[in-house]
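The sequence and structure come next.

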Amino acid sequence: MGRLAVYPGSFDPIHFGHIDVIERAAKLFDTLIVAVFVNTAKTPLFTDTERLELVKAATQHVPNVVVERSTDLLVRYATTRGVDAIVRGLRAVLDFDYEFQIALMNKKMAPELETIFILTGEKYSYLSSTLIKELASYGADLQDLVPRHVAMALHEKYHRNRG
């Protein structure tokens with residue numbers, strides 16, 4: 001089967017920073033699962049089905065990427081799927097603090113799982129889904145931030161009922 005990794009996230013919405021990490025991680029593993037996680041504690045803009053479809057469309061150019069949805073705990077999902085590594089993207093030092101804690105907890109729960117940190121490319125280091133949603137709510141130009149289909153979906157969400 002080869003080396004299998006998972007890149008988990010809510011991807012609400014997926015943006016070029018995520019895609020940068022996906023493309024680079026896909027070069028390191030035989031198969032990369034991009035797992036759209038459903039977190040009941042969060043209220044996403046897009047439904048899990050919409051996020052799944054947006055991620056599939058954004059990653060279709062990467063042949064060894066598989067997109068799945070999960071409502072499970074990441075460690076349980078990863079061990080059930082036979083994953084070798086969890087991929088996490090880092091934008092800044094602030095991300096590392098949080099991600100380091102999560103990685104240590106995951107390692108405690110599943111010692112066989114490794115966590116691989118991939119630094120987001122410099123030109124995407126400022127991107128976050130939260131910032132993109134805020135910009136989209138004001139009708140800002142998103143062409144350098146998200147794929148065209150994501151920009152269109154955001155526009156539809158925020159502006160369909162406005163005159």
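## Annotated span

## Aromatic pairs

The predicted structure holds 5 aromatic pairs. One of them joins Phe-37 and Tyr-77 in an edge-to-face arrangement, with 5.5 Å from centre to centre and 80° between the planes. This pair links distant parts of the chain, since its members are 40 residues apart. Phe-37 belongs to strand β2 (residues 31-37), and Tyr-77 to helix α3 (residues 74-81).

Are the two residues of this pair buried or exposed? Phe-37 has 13% relative accessibility and therefore counts as buried, the cut-off being under 20%. Tyr-77 also counts as buried, because its relative accessibility is 8%.

Elsewhere, Phe-96, Phe-100 and Phe-117 form one aromatic cluster.

## Helix α6

Helix α6 spans residues 148-159, 12 residues in total. From the first C-alpha to the last, the helix reaches 16 Å, close to the 16 Å expected at 1.5 Å a residue.

Which residues of α6 are buried? They are Val-150, Ala-153, Leu-154 and His-159.

Note on methods
Residues are numbered from 1 along each chain as its sequence is written. This is a predicted model: local features need pLDDT of at least 70, side-chain atom pairs count only at pLDDT 80 or more; totals for chains, interfaces and linings use all residues. Side-chain values use heavy atoms; hydrogens and water are left out. Rings of Phe, Tyr and Trp (its six-membered ring) pair if their centres lie within 6.5 Å; planes under 30 degrees apart count as stacked, over 60 as edge-to-face and the rest as tilted. Helices (H or I, at least four residues) and strands (E, at least two) are DSSP runs, numbered from the N terminus. Buried means under 20% relative accessible area, exposed over 50%, partly exposed in between (1.4 Å probe, protein chains only). The expected span of a helix is 1.5 Å times one less than its number of residues.
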